[in-house]
Amino acid sequence: MSNLVERLCESINARTPLNQSDLQLLIDGVATRTLPIEAITQWLKAVHTHGISVADTVALTTGMMHSGAVLTWDTSRPIADKHSTGGVGDKMSLMLAPALAACGAEVPMLAGRGLGHTGGTIDKLEAIPGFNCGLTPEHMTTIVNQIGCCIAAQNEAIAPADGLLYAIRDVTNTVDSIPLITASIVSKKAAEGLQALVLDVKCGQAAFMKTESEATELAQSMVRVAQGLGIKTLAQITDMNQPIGTHIGNALEVIESVHVLNGNGPQDTINLVAMQGGALLWLLGRCENEEEGRRLIIESLNDGRAAKKFLQMCIAQGASQSVAEELLHSPENVLVKASHITEIESSGNGWVESIDSMVLAQIAREHGAGRFAIEDEIDPAVGFILSAVKGDPIQSGQKWIEFHHNKPMNDTQRKNLTNALTVAATQTQPIERLIKVVQ
Ligand code: URA
């Protein structure tokens, strides 16, 4: 192990402040790939075990942010983005970026691929024929200058230190560390040159943070660090027990997003987009309060401006004009379809009390909607469409879900899927997503 890492680990173990030039050397060594993997692992394990102070988390985040290109914009420009810690059916970015652009904000969004059981924005967008998420920082700037938003895959050009650190964390069981998650997420968002950031910290059975106290701790850490970097930031802690909206799976989530962009779609999804977008417009000072911000976002969905921005973004990122137009008109005609659709019926009468999103996510992943290894290929057609959600009345024998798949379903999957629906005899409440706001 190098002396540098030895010194840093000694400070971490003793809970004394890190030597800032040593920390910077470590980040440089990670970014330039000159520090041995074993040394990086040793350091990650020390941070994972003992934590580091807020001041050191800010320094780590700043160093990681500057390990690659940082997008720079005139400070008068309303540059904004959101980050979600990942959920089931979480397709918000596909609607949020164009809706914000339609409301005058500018969104140079960097997004990820699926992680664990959760889907990733990039895998969803890549279900659209021709859509290219591999943008350089220059290309991102050009598209944002032209149309106000773009969505690009995280790459080696921006925050490269995070790319390697994340890959090592993934295989060394050091992902679930508040300072490491904070630095990873906030460094990438800060490198976009943001004025405003909303963090959607998911909480519940199908989230990485299972309890409200864990979610709050992560939210507080990320808000503190992002604000420390001069970004107007708040976190919304939202419930991730029920799947979001009605469609789950890459191509199917594009379909639901198009419905919402066309002023239709499930209320749950519309509410989440409006809540995140409304908060961002308020943080940017483009409206008096979040309520007005939500109204502006909904107006942009209802009057076709958000859909038009989405169309422009698809074309700017490589889809042909005819594909993009057909996508907005009849998305089913453009996107791949599964060879099998299996319908599952309710065995109870009453109201939907819950749908186990973790079960849905696991089955979809086993059928190719997500990855188990980095090299796994995604099957974009795989997923679910819900015909009933929490709070809806349901009859015995009524279809509540469609499973779209290409491989045969096994008995365990069928049994788990059937049991994923819980029906109550008395009326249940519709989904309430917002648990609390941290700012
Ligand atoms: N997503 C990230 O980008 N980084 C983390 O550390 C966790 C989730």
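Biologist: In which helix is the place of Leu296?

Modeller: Leu296 sits in helix H13, residues 290-302. Helices (H or I, at least four residues) and strands (E, at least two) are DSSP runs, numbered from the N terminus. The model is a predicted one, in which local features need pLDDT of at least 70 and side-chain atom pairs count only at pLDDT 80 or more, while totals for chains, interfaces and linings use all residues. Residues are numbered from 1 along each chain as its sequence is written, and side-chain values use heavy atoms, with hydrogens and water left out.

Biologist: Which residues is Leu296 in contact with, leaving aside its neighbours within four places in sequence?

Modeller: Its partners are Cys103, Leu281, Arg286, Cys287 and Arg305. Contact means heavy atoms within 4.5 Å.

Biologist: And how far apart are Leu296 and Ser330 in space?

Modeller: The C-alpha atoms of Leu296 and Ser330 are 26 Å apart, and the two residues are 34 apart in sequence.

Biologist: What lies 2.5 Å from an oxygen atom of the ligand?

Modeller: A polar side-chain atom of Lys188 does. Ser184 has a polar side-chain atom 2.6 Å from a nitrogen atom of the ligand, and a side-chain N or O atom of Arg169 is 2.9 Å from an oxygen atom of the ligand. A polar contact is a pair of N or O atoms within 3.5 Å; within protein, one must be able to donate a hydrogen and the other to accept it, and residues adjacent in sequence count only if both atoms are side-chain atoms. The protein covers 87% of the 240 Å² of accessible area that the ligand has on its own, by the Shrake-Rupley method with a 1.4 Å probe.

Biologist: New topic: in what order do the three strands of the open sheet stand?

Modeller: The order is S10-S8-S12, with antiparallel pairing. Two strands pair if DSSP finds at least two bridges between them.

Biologist: Why is one side of S10 and of S12 left without a neighbour in the sheet?

Modeller: Strand S10 (393-394) and strand S12 (421-424) are at the edges and have a single partner strand each, so one side of each lacks a neighbour in the sheet. Strand S8 (residues 350-355) is joined to S12 by four bridges in the antiparallel sense, and Ser354 stands opposite Thr422 in S12.

Biologist: What stands opposite Ile248 in S9?

Modeller: Phe384 does. Strand S6 (residues 247-248) and strand S9 (residues 383-386) run antiparallel and are joined by two bridges. Phe384 also has a bridge partner in S11, Phe403.
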